[in-house]
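User: I would like to go through this model label by label. Please say what stands behind each one.

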Amino acid sequence: MIKLVIFDADKTLWDHYNISEFEEPFHLPERDILRDSEGRTLKLFPNVRKTLEELKRKDVKIAMATWNFPHKTEKVLKALELDSYFDVVVSRDFPFKFIMIAEILRKFAESGIRFRPEEILFVDDRRAHFGNVWLYLGRIQCLEMWKDINDHLEIISKLENSQT
Ligand SMILES: [Mg+2]
């Protein structure tokens, strides 16, 4: 049974490949579109908000592991009003997702919440990360966005299947 879903950000939750480039002030021409001071634009993928809401409703913990400057991630999540969905956000200026996931698990452990690897689902558009996740952290379930799934809501149906 999945109790924690960890998301990558760039190209997984939104279409931009690097939010660390974004400069304030931001403005939002639409709820799911964010534009920076120089016209860089990101668009949230269609069912992201709905998926996060569904996960919350099901009492599944939500975390983020992203290769970005932490202050940029924080500001973008706030501007999109997505920050409240995430129980833990680990945003680092290095690409090693297995280290970020280990940090996420440490943070949960500090508040008394422990997950077995089988209870964790990691979603990222880069399959290259999965090898080290399995090597160092065990049998975490990994989904390659746009390969294994094409719509974030598929995460919800996978959850339901894993609970039977
Ligand atoms: Mg990515």
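This is a predicted model: local features need pLDDT of at least 70, side-chain atom pairs count only at pLDDT 80 or more; totals for chains, interfaces and linings use all residues.

User: How do you know that the buried residues of α4 are on the same side?

Analyst: The residues concerned are F130, V133 and L137. They cover an arc of only 70° around the axis, and therefore share one side of α4; the arc is taken over directions from the helix axis to the C-beta atoms. An α-helix has 3.6 residues a turn, so residues three or four places apart point the same way.

User: What do the buried residues of α4 pack against, and what follows α4?

Analyst: They pack against α3 (97-110), β7 and β8 (141-144), contact being heavy atoms within 4.5 Å. The names come from DSSP runs numbered from the N terminus: helices are H or I of at least four residues, strands E of at least two. G138 follows α4 with a positive phi, near 95°.

User: What makes the buried residues of α1 line one face?

Analyst: In α1 (residues 48-57), V48, R49, T51, L52 and L55 are buried. Seen down the axis they fall within an arc of 165°, so one face of the helix holds them. Their packing partners are β1, β5 (61-67) and α5 (153-162). Just after α1, D59 has a positive phi of about 65°.

User: Which residues coordinate the magnesium ion?

Analyst: D8 (OD), D10 (O) and D125 (OD) do, at 2.1 to 2.2 Å. Donors are N, O and S atoms within 2.8 Å of the metal (3.2 Å for Na, K and Ca), so these qualify; water is not among the atoms, and a site may look incomplete. D8, in the loop between β1 (4-7) and β2 (27-30), and D125, in the loop between β7 (120-124) and α4 (130-137), are 117 residues apart and link distant parts of the chain.

User: Why do D8 and D125 get their accessibility labels?

Analyst: D8 has a relative accessible area of 4%, so it is buried. D125 is at 23%, and so counts as partly exposed.

User: Is H16 buried or exposed, and what does H16 touch?

Analyst: H16 is buried, because its relative accessible area is 11%. H16 sits in the loop between β1 and β2. Leaving out residues up to four places away in sequence, H16 touches D10, K11, E21, F22, T41 and L42.

User: Why is T73 called buried?

Analyst: The relative accessible area of T73 is 1%, and it is therefore buried. T73 lies in α2 (residues 70-79). In sequence T73 and D10 are 63 residues apart; in space they are 10 Å apart, C-alpha to C-alpha. Not counting residues up to four places away in sequence, T73 touches I19, M64, T66, N68, V89 and S91.

Terms used
Residues are numbered from 1 along each chain as its sequence is written. Side-chain values use heavy atoms; hydrogens and water are left out. Buried means under 20% relative accessible area, exposed over 50%, partly exposed in between (1.4 Å probe, protein chains only).
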